[in-house]
Amino acid sequence: MESPNLPSWTTKKDRISVLEQDRALLSLMTTIRDVNTSDREFSSAVEKVVRRLITSALNHVPAEEYTITTPINTTYTGVRFTKGVCGVSILRAGACMEQALRDTWTGPLSFGKLLIQRDEETGIAKIYYSKLPASIPNDIVLLLEPMLATGGSVIKAVETLTANGVPEDSIVLVNVVSSQKGLDVVSGRFPGLKIVAAAVDMELTAQNYISPGLGDFGDRYYGTCS
Ligand code: URA
């Protein structure tokens, strides 16, 4: 058992964590899920949830004790992160999480992009575009994907990252809504992957929409619903 005297930042973080379902979060998620919410209200509520997700995901960045002197000449032992962060968006929806990462993380930061789509004929997820920074193997990678439905795109993304030298246990999937099935598939396939989500929904529809879900995330965030 861990000593109760250890600072909280040294204790082990859960590999899969769901944000605390407090009223502020549930109220935002209610707005996000409501079919009557306008696109502007949707994106505004999403941004607030994503800030909380990013803050939680940053708990997986390693840190060390760091002692400073305060203006009244007293020492204070806090923490200092020891690795940089790379945000990798699965396009298009994942890109909506980039600004929250820029605003929240103060250390070394880079971004990568992956465009992954399902091949209509084979049904297999395929990479159409990939641009990753050369320094990515040394970073903690926040894989930005708001919706985890079947897990196909996330599996392809994690495979691409590991093929580019990123250790599996340096990847944190940042996700607004997971389906239980997607969560099981992805966490079973990659035992080192960390996952931070705001909600887990039990069902998938025949068209692979998460249910109750929130509809098409990208269309609502970018205002491209017909
Ligand atoms: N992507 C979405 O935008 N919504 C879903 O429900 C599933 C995947």
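Visitor: Which side chain does the side chain of Glu98 make a polar contact with?

Guide: A polar contact is a pair of N or O atoms within 3.5 Å, and in this predicted model the side chain of Glu98 makes one with the side chain of Lys113, at 2.6 Å. Glu98 has its place in helix α3, which covers residues 98–104.

Visitor: Is Glu98 buried or exposed?

Guide: A residue is called buried when its relative accessible area is under 20%. Glu98 has a relative accessible area of 12%, and therefore it is buried.

Visitor: How should I read the buried residues of a helix, and which ones are buried in α1?

Guide: An α-helix has 3.6 residues a turn, so residues three or four places apart point the same way. In helix α1, residues 23–33, the buried ones are Leu25, Leu28, Met29 and Ile32. Because these buried residues fall within an arc of 100° when α1 is seen down its axis, they line one face of the helix. On the other side of α1 you will find Arg23 and Thr30, which are exposed.

Visitor: How many residues does helix α2 have, and what span does it reach?

Guide: Helix α2 runs over residues 39–57 and has 19 residues, and from its first C-alpha to its last it reaches 26 Å, which is close to the 27 Å expected at 1.5 Å a residue. Its buried residues include Phe42, Val46, Val49, Val50, Leu53 and Ile54, and among them are also Ser43 and Ser56.

Visitor: In what sense do strands β2 and β3 pair?

Guide: To read a pair of strands, look at their sense and at the bridges between them. Strand β2, residues 63–69, and strand β3, residues 75–81, pair in the antiparallel sense over seven bridges, and within this pairing Ile68 stands opposite Tyr76 in β3. The two strands form a hairpin with five residues between them, and in the turn Asn73 has a positive phi of about 60°.

Visitor: Which residues are around the ligand?

Guide: The residues around the ligand are Met147, Ala149, Asn208, Tyr209, Ile210, Gly215, Asp216 and Phe217. A backbone N or O atom of Ile210 lies 2.8 Å from an oxygen atom of the ligand, and a backbone N or O atom of Phe217 likewise lies 2.8 Å from a ligand oxygen atom. For Gly215, a polar backbone atom is 2.8 Å from a nitrogen atom of the ligand. Taken alone, the ligand exposes 240 Å², and the protein buries 81% of that.

Notes
Residues numbered from 1 in each chain as written. Predicted model: local features only at pLDDT ≥ 70, side-chain atom pairs only at ≥ 80, totals over all residues. Heavy atoms only, no water. Pairing = 2+ DSSP bridges. Helix = DSSP H or I, 4+ residues; strand = E, 2+ residues; numbered from the N terminus. Expected span 1.5 Å × (residues − 1). Buried < 20%, exposed > 50% of the residue type's maximum accessible area, 1.4 Å probe, protein only. Near = heavy atom within 4 Å. Polar contact = N/O pair within 3.5 Å; in protein donor to acceptor, adjacent residues only side chain to side chain. Areas by Shrake-Rupley, 256 points an atom, 1.4 Å probe, with all protein chains shown as cover. Arc of directions from axis to C-beta.
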